[in-house]
Amino acid sequence: MKLSQFKFKLPEEKIAQYPSDYDPETGIYHRDECKMMVVHRKTGEIEHRQFKNVLEYFDEKDVFVFNDTKVFPARLWGNKEKTGARIEVFLLRELNEDLRLWDVLVDPARKIRIGNKLYFGPDDAMVAEVIDNTTSRGRTLRFLYDGPHDEFKDALYQLGEAPLPRTDITRATEEEDTERYQTIYANHEGAVVAPAAGLHFSRELMKRMEIKGIEATFLTLHSGMGFCQDIDVEDLTKHKTTSEQMVVNKRVCQTVNHAKADNRKICAVGTTTIRAMETAVSTDGELKEFDGWTNKFIFPPYEFDVADALISNFQQPFSTQLMVVAAFGGYDLVMKAYQVALEKDYKFGCFGDAMLIVD
């Protein structure tokens with residue numbers, strides 16, 4: 001497959017700026033009432049439903065696999081020493097707790113050099129020093145803070161805001177986005193990109209899942225910026241993604257493997273979840289425990305070993321997430337479904353509507 005095969009015209013007004021099931025006038029947010037397109041792989045049939053109907057396509061003892069990563073407030077705004085220039089700092093990951101070292105992206109990068117100091121918050125409450133240039137945009141910052149590490153993290157996160165992806169959200173970040181851009185089951189902190197398919201699950205829907213006897217199990221993949229960055233090669237076999245940390249524990253392996261042996265359906269909630277499972281699957285098709293890093297890049301054609309169904313949002317053209325969805329649903333069928341989505345006014349992006357792909 002070539003990069004150009006994932007091109008389609010996506011008008012800006014089709015990209016959701018707020019959750020599809022959010023009413024800005026009332027402030028009411030029903031996570032599970034967005035639109036849901038159901039795509040049947042075997043027949044090519046396309047249905048139009050609401051997300052709260054998703055359980056109708058599954059039976060007792062089927063399994064939903066979720067990514068329980070937790071997004072932290074990764075976007076900070078600082079000022080450069082002397083000039084006072086406003087600098088966006090995007091936290092990626094902590095490199096060293098004792099030294100307060102963080103891997104970050106800065107914008108505009110041309111203004112930031114090794115040795116520069118950045119000041120954050122009211123009265124310059126937090127100070128950081130640039131100690132390394134890692135890429136054209138990337139830097140290593142050392143935060144100058146003498147208190148305990150937990151206190152430092154709390155103070156740092158108080159300065160941050162929800163890291164809404166600028167490829168989707170062009171409006172200003174709002175305080176409510178901290179809750180909107182987080183799944184209700186988020187548990188393990190470490191992501192700067194939310195597993196968007198999981199944003200549609202409400203507590204009521206999770207309870208109905210439990211009552212119906214559908215099992216929910218959780219793995220962790222800390223989604224980073226690398227999986228969202230532009231691909232700059234036409235030949236997809238030459239694209240390399242940055243690594244992301246993930247954990248697949250014993251419990252999720254036992255749940256999934258038992259269900260597979262019993263011919264039950266396995267639904268992956270989101271492209272991060274299905275990539276994690278495909279990283280941890282063994283040659284015999286069983287899910288194995290995994291604690292490490294993955295740079296798994298999936299694009300058509302690809303044969304999946306674990307999941308029978310996939311839930312995803314509608315993705316941007318050229319995106320790696322779209323490639324995963326096309327690999328699972330079949331390139332021709334998925335691209336056809338995306339054209340239908342544009343015609344039927346489905347919303348795209350992290351706050352957009354959902355697609356369920358089933359057999």
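Student: In strand 12, which residue is the bridge partner of Leu101?

Tutor: This is a predicted model, so local features need pLDDT of at least 70 and side-chain atom pairs count only at pLDDT 80 or more, while totals for chains, interfaces and linings use all residues. Residues are numbered from 1 along each chain as its sequence is written, and side-chain values use heavy atoms, with hydrogens and water left out. Strands (E, at least two residues) and helices (H or I, at least four) are DSSP runs numbered from the N terminus, and two strands pair if DSSP finds at least two bridges between them. Strand 9 (residues 101-107) pairs with strand 12 in the antiparallel sense over five bridges, and there the partner of Leu101 is Arg142.

Student: Which residue in strand 12 stands opposite Asn133?

Tutor: Look at strand 11 (residues 126-133), which pairs with strand 12 in the antiparallel sense over five bridges. Opposite Asn133 you will find Arg139.

Student: How many of the six residues of strand 12 are buried?

Tutor: Buried means under 20% relative accessible area, exposed over 50%, and partly exposed in between, using a 1.4 Å probe and protein chains only. Strand 12 (residues 138-143) is largely enclosed by the rest of the structure, because the number of its residues that are buried is five.

Student: In strand 11, what is the bridge partner of Lys117?

Tutor: Strand 10 (residues 117-120) pairs with strand 11 in the antiparallel sense over four bridges. These two strands form a hairpin with five residues between them, and Gly121 in the turn has a positive phi of about 80°. Tyr119 has Val127 as its bridge partner, and for Lys117 the partner is Glu129.

Student: In what order do the six strands of the closed barrel run?

Tutor: Neighbouring strands in the barrel have antiparallel pairing. The closed barrel runs 7-8-9-12-11-10.

Student: Which residues have the most contacts inside the largest nonpolar core?

Tutor: A nonpolar core is a set of buried Ala, Val, Leu, Ile, Met, Phe, Trp, Tyr and Cys residues joined through side-chain atoms within 4.5 Å. The largest has 54 residues, and helix 7 (residues 331-343) gives the largest share, eight residues. A second, separate core of 38 residues includes Phe72, Ala85, Phe120 and Phe351. In the largest core, the residues with the most contacts are Met37, Leu287 and Met355.

Student: Why is helix 6 largely enclosed by the rest of the structure?

Tutor: Contact means heavy atoms within 4.5 Å. What covers the buried residues of helix 6 includes helix 5 (271-280), strand 18 (309-313), helix 7 and strand 19 (354-358). Helix 6 (residues 320-329) is largely enclosed because the number of its residues that are buried is ten of the ten.

Student: Are helix 5 and helix 6 roughly parallel or roughly perpendicular?

Tutor: Thr271, Ile274 and Arg275 in helix 5 meet Gln321, Val324, Val325 and Phe328 in helix 6. The axes, lines fitted to C-alpha atoms over the stretch in contact, with angles from 0 to 180 degrees between N-to-C directions, come within 10 Å and cross at roughly 65°. Angles under 35 degrees count as roughly parallel, over 145 as roughly antiparallel, 65 to 115 as roughly perpendicular and the rest as oblique. The two helices are therefore roughly perpendicular.
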